[in-house]
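Colleague: Please take me through this model. I would like to start at the ligand and then move to the helices and domains.

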Amino acid sequence: MSSNVNSVSYTIKVALVLCAMCSIMISGAAVLLKPMQTANQILDRNRNILIAAGMYDPAVNTNADVQSMFERFNARIVDLDTGSYLTDEQLAELGIDPLTYSEAASRNDPALSSALSSDEDTANIRRRVRYATVYSIESAEGAYETLVLPVSGFGLWGIMYGYLAIEGDGNTIRGIGFYDHKETPGLGGEISNPIWQAQWPGKQIFDTAGDVAFELVKGGGQGESQVDALSGATLTSRGVENMIAFWLGQRGFGSFLTNEVKS
Ligand SMILES: Cc1cc2nc3c(=O)[nH]c(=O)nc-3n(C[C@H](O)[C@H](O)[C@H](O)COP(=O)(O)O)c2cc1C
């Protein structure tokens, strides 16, 4: 018996079959493309780490260069509470792989992060991860040459995520790079402008007492710990300054720098 193509039941059947076929195709594509997406995310992260470290020039370098240049880095996980690197046993226990660990994903995991009180939360990020990846380049003798630290802080519109690269003295900035933010293009979005970022290398983070002295100064920023604030973007500039103070302070990488780098 042939079905009536004009009947309601026929239309519903066709719609259901179409929906099922589309869902299978979309799920299949998502599963098949997942490894490629992960690889691209890692490539992008590595590129941003190289940009912060002043090692990558977008006009010259290719994706293949990112792979080979990134091989110079060691990726290790620091326990921000103790300021020490996690051992292989601790990594296995926590199920963390330093090459794929994501601070952004761990921020929402109560086992890997904790809420900050309003007094503690000077970068306005609400939660802080307990573990963070430090990327380092070391000399043949084992001395630190470059350290790249993940940093984040609230600007005007949302959390700005970036990397701060510092020299082996644990004090001199090598560079800054932001890979995710919601600031307005042309205003706060100028944090991604390489011309503004070019002021950062060589600036000193700490004063002689060991406190964070780095600041963004409106219409100036010539001092050894100063960078010119972004014009028309006072709130973003304040967010960047607070971000550096938080992550280089005792709730961030302060103990790590004291224990592992400056000692
Ligand atoms: C549409 C719009 C977008 C803005 N985006 C930003 C921004 O991304 N960052 C920021 O600090 N201020 C931004 N502002 C300006 C702030 O509201 C505020 O006026 C500014 O931070 C003051 O900075 P100034 O003292 O340097 O002028 C924006 C304003 C408007 C109207």
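**Ligand shell, helices and domains**

Colleague: How do the residues of the shell around the ligand divide?
Modeller: This is a predicted model, where local features need pLDDT of at least 70, side-chain atom pairs count only at pLDDT 80 or more, and totals for chains, interfaces and linings use all residues. Residues are numbered from 1 along each chain as its sequence is written. Ala, Val, Leu, Ile, Met, Phe, Trp, Tyr, Cys and Pro count as nonpolar, Asp, Glu, Lys and Arg as charged, and the others, Gly among them, as polar. The shell around the ligand divides into four nonpolar, six polar and one charged.

Colleague: Are H1 and H2 roughly parallel or roughly perpendicular?
Modeller: The axes (lines fitted to C-alpha atoms over the stretch in contact, with angles from 0 to 180 degrees between N-to-C directions) of H1 (residues 8-52) and H2 (residues 63-70) come within 10 Å and cross at roughly 70°. Helices here are DSSP runs of H or I, at least four residues, numbered from the N terminus. Angles of 65 to 115 degrees count as roughly perpendicular, and under 35 as roughly parallel. H1 and H2 are therefore roughly perpendicular.

Colleague: Which residues of H2 make the contact with H1?
Modeller: Contact means C-beta atoms, placed from the backbone, within 7 Å. H1 brings Leu 43, Asn 46, Arg 47 and Leu 50. From H2 come Asn 63, Val 66, Met 69 and Phe 70.

Colleague: What distance separates the centres of domain 1 and domain 2?
Modeller: The bounds, from an automatic or database domain assignment, are 1-67 for domain 1 and 73-261 for domain 2. Seven residues of domain 1 are in contact with 13 of domain 2. Taken over C-alpha atoms, the centres are separated by 32 Å.

Methods. Helix = DSSP H or I, 4+ residues; strand = E, 2+ residues; numbered from the N terminus. Parallel < 35°, antiparallel > 145°, perpendicular 65-115°, else oblique. Contact = placed C-beta atoms within 7 Å.
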